[in-house]
Amino acid sequence: MRNLSDSINEEKQMSKTIGYKRHSMREDRFEQQLQDVELDEVFEEVASGTTTDRAVFQQMLEFIKEGDTVIIHNLARLARVRSVLYALIGMITERGVTLKFKAEELTLTGDMEDAASQLDEWQAQKFFGNGLGLLRETIKSGHGWRIYK
């Protein structure tokens, strides 16, 4: 006779780690995303980061199930527009799937409201909690303000 802990262990073993890689131009390279991350399945597509209309993303949504984990290299690989980002996060987390962003070391769980709250809290902590560090990172990457004497 099977007990509850056996069922839970089997369910955990059946969960998968899925990678989602997106580029907006064919010349970009997928290999640079999620290096050294062990994945059970990978979904790659060339699509704009400003839309939710993505064929491969939709295939991934059909594939994932409760208990799975989706890993994406960084927030920009999921979306370039805040409203699209929140919409896509909701499409993943509402299925009971954990969403992780490798570069940001960010993990989102729960329904859309929980995930949005977690993302907002992370953004506030990054901006206000480490404002100087964030400014230094931005300037170092060439996307920040330059101070001239």
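**Entry 1: the chain as a whole**

I started with burial: 32% of the 149 residues of the chain count as buried. Buried means under 20% relative accessible area, exposed means over 50%, and partly exposed is in between, with a 1.4 Å probe and protein chains only. I noted that this is a predicted model, where local features need pLDDT of at least 70 and side-chain atom pairs count only at pLDDT 80 or more, while totals for chains, interfaces and linings use all residues. Residues are numbered from 1 along each chain as its sequence is written, and side-chain values use heavy atoms, with hydrogens and water left out.

Next I looked up the elements: six helices and five strands. In sequence order I read α-β-β-α-β-α-α-β-β-α-α. Helices (H or I, at least four residues) and strands (E, at least two) are DSSP runs, numbered from the N terminus.

I also checked contacts, meaning heavy atoms within 4.5 Å. Among those between residues at least 6 apart in sequence, 56% join residues at least 24 apart.

**Entry 2: the sheet**

In what order do the five strands lie in the sheet? I get β2-β1-β3-β4-β5, an open sheet with mixed pairing. β2 (41-46) and β5 are the edge strands, each pairing on one side only. Neighbouring strands are turned by 20° against each other on average, direction ignored. Two strands pair if DSSP finds at least two bridges between them. For angles, axes are lines fitted to C-alpha atoms (for helices over the stretch in contact), and values run from 0 to 180 degrees between N-to-C directions.

I went through the pairs. β1 and β2 are parallel, with six bridges; R22 has E45 as its bridge partner in β2. β3 and β4 are also parallel, with four bridges, and I72 is partnered by F101 in β4. β4 and β5 run antiparallel over three bridges, and there the partner of F101 in β5 is L106. These two strands make a hairpin with four residues between them, and E105 in the turn has a positive phi of about 55°.

I then followed the side chains along β4, which alternate.

α4 lies across β3, β4 and β5 and runs at about 135° to β4.

How do α2 and α4 sit against each other, and how far apart are their axes? The angle is about 25° and the axes are 10 Å apart. I can therefore call α2 and α4 roughly parallel, since angles under 35 degrees count as roughly parallel, over 145 as roughly antiparallel, 65 to 115 as roughly perpendicular and the rest as oblique. On the α2 side the contact uses F57, Q58, M60 and L61, and on the α4 side L88, M91 and I92.

**Entry 3: the nonpolar core**

The largest nonpolar core has 28 residues, and those with the most contacts inside it are M60, V70, L78, I92, L99 and L119. Such a core is a set of buried Ala, Val, Leu, Ile, Met, Phe, Trp, Tyr and Cys residues joined through side-chain atoms within 4.5 Å. Among the elements that each supply at least two residues are β1 (17-23), α2 (55-63), β3 (69-72) and α5 (112-129). α4 gives the most, with six residues.

I looked at L119 by itself: leaving out residues up to four places away in sequence, L119 touches L75, L85, Y86, I89, L106 and L108.

**Entry 4: single residues**

D68 is in the loop between α2 and β3. Buried or exposed? D68 counts as buried because its relative accessibility is 1%. The D68 side chain reaches the backbone nitrogen of K16 at 2.7 Å. Beyond four places in sequence, the residues D68 touches include M14, S15, I18, F63 and V97.

H23 is in strand β1 and is buried as well, at 7% relative accessibility.

Note on methods
Polar contact = N/O pair within 3.5 Å; in protein donor to acceptor, adjacent residues only side chain to side chain.
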